[in-house]
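This briefing goes through one protein chain, from its overall build to a few single residues. Please keep the sequence and the 3D view open while reading.

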Amino acid sequence: MQYLKMLPYQIREAIDNNVPVVLPMGVVEYHAEHLPMGVDCFTCINIIERVEKRHPEIVVLPPFYYGAASLAVAKPERNGTVHVDAVKLIPVVEDIFRGLLRVGFRNIHGLICHQTEEFAQGMPTDLAFRMAARHVVFEWLEKESGEGWWGTEKFSNYYTGNNNPFKWIQIHTCREHDVTGEHARKFPGDHAGILETSETMHMYPDLVELDRIDGSIWYARTGKNASAAYGDAALEAGADDFEQSLFPQK
């Protein structure tokens, strides 16, 4: 269910049923000469759309495109990357999360498919969102329950997981549950290579121009071997993984 298309009574029902509220996260970044700027966020949106087909009750927020792309792969001049410093992202994201908590949501999930090779340690965009989430939740708890909230009887079952407010806002990648490494082996991550090119070929075939891969950009060379079928399979695997994040009991 798209948040922008929801009526107030539907929002209230979603709050009362504690359904997952999902935020696609991405960046505006150069993806070699053959792919569009929005690849990373397009991937998140597609994965979420697949999960939404299985669980139409989930609430899908408008995508957040302006993340910390970094300038690691190319200069922005005449290439298109729009980089927003992670430190400057934090107050904006705090306001987004603060607003969602005020609406009444307590089951908020962000999905990112940018620089996920270091997700355990964190990279600028996901770290900005994680920091904002933690800050807002601590602020909220101290405002609602006062200082020393954790030490009160109300939170005595905190360690059981039944009353953990830090589950209110969580940030995920599409490989979070790949414990056996099967997903990583079948669909190893890349930047504008066979994986991202294949995924984009499946999502937006008219936006992929394979003849622009001339071998001069090392990370894009494998894109020549891309196929829409491989991209579809990778996106479906990502959806399976993200579904586990939203519905861990299933």
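Two residues are in contact when they have heavy atoms within 4.5 Å of each other. By that definition, residues 24 or more positions apart account for 74% of the contacts in the chain with a separation of 6 or more. The model is a predicted one.

**The chain as a whole**

- The secondary structure consists of 7 helices and 4 strands.
- Read from the N terminus, the order of the elements is α-β-α-β-α-β-α-β-α-α-α.
- The radius of gyration is 19 Å, close to the 18 Å that the globule rule gives for 250 residues, so the chain is as compact as a globular protein of that length.
- The C-alpha trace spans about 65 × 40 × 35 Å along its principal axes.
- Of the 250 residues, 49% count as buried.

**Helix pairs**

Two packed helices are described by the angle between their axes and the distance between the axes.

*α3 with α4*

- Helix α3 covers residues 86–103 and helix α4 covers residues 124–145; their axes come within 8 Å and cross at roughly 45°.
- The two helices are therefore oblique to each other.
- The crossing of α3 and α4 is right-handed.
- On the α3 side, the residues in contact are A86, L89, I90, V93, E94, F97, R98, L101 and R102.
- On the α4 side, they are P124, A128, F129, M131, A132, A133, H135, V136, E139 and W140.
- The residues of this contact between α3 and α4 divide into 14 nonpolar, 1 polar and 4 charged.

*α2 with α7*

- The axes of helix α2 (residues 39–54) and α7 come within 8 Å, crossing at roughly 65°.
- The crossing of α2 and α7 is right-handed.
- From α2, the residues T43, N46, I47, I48, R50, V51 and R54 take part in the contact.
- They meet D232, L235, E236, G238, A239, D240, F242, E243 and L246 in α7.
- The contact of α2 with α7 has 7 nonpolar, 3 polar and 6 charged residues.

*α6 with α7*

- The axes of α6 and α7 come within 7 Å and cross at roughly 95°.
- That angle makes α6 roughly perpendicular to α7.
- In α6, the residues I194, L195, S198, E199, M201, H202 and M203 meet α7.
- Their partners in α7 are A228, Y230, G231, D232, A234 and L235.
- By type, the residues of the contact of α6 with α7 are 8 nonpolar, 3 polar and 2 charged.

**Two buried loop residues**

- L35 lies in the loop between β1 and α2.
- L35 has a relative accessibility of 6%, so it counts as buried.
- Leaving aside neighbours within four places in sequence, L35 is in contact with A192, E196, T197, T200, L207 and V208.
- L35 and V208 are 173 residues apart along the chain, yet their C-alpha atoms are separated by 5.4 Å.
- A226 is found in the loop between α6 (194–203) and α7 (228–246).
- A226 has a relative accessibility of 12%, so it also counts as buried.
- Not counting residues up to four places away in sequence, A226 touches I194, T197, S198 and M201.
- A226 and I108 are 118 residues apart in sequence, and their C-alpha atoms are 34 Å apart in space.

**Two residues with a positive phi**

Most residues other than glycine have a negative phi. The following residues have a positive one.

- N18 is not a glycine, but its phi is positive, at about 50°.
- N18 sits in the loop between α1 (8–16) and β1 (21–25).
- N18 counts as partly exposed because its relative accessibility is 41%.
- R78 is not a glycine either, and its phi is positive, at about 65°.
- R78 belongs to the loop between β2 (59–60) and α3.
- R78 counts as exposed because its relative accessible area is 88%.

How values were computed
Residues numbered from 1 in each chain as written. Predicted model: local features only at pLDDT ≥ 70, side-chain atom pairs only at ≥ 80, totals over all residues. Heavy atoms only, no water. Axes fitted to C-alpha atoms, helices over the stretch in contact; angles between N-to-C directions. Parallel < 35°, antiparallel > 145°, perpendicular 65-115°, else oblique. Left-handed = near helix turned anticlockwise from the far one by under 90°. Nonpolar A, V, L, I, M, F, W, Y, C, P; charged D, E, K, R; others polar. Rg over C-alpha atoms; globule rule 2.2 N^0.38 Å. Buried < 20%, exposed > 50% of the residue type's maximum accessible area, 1.4 Å probe, protein only.
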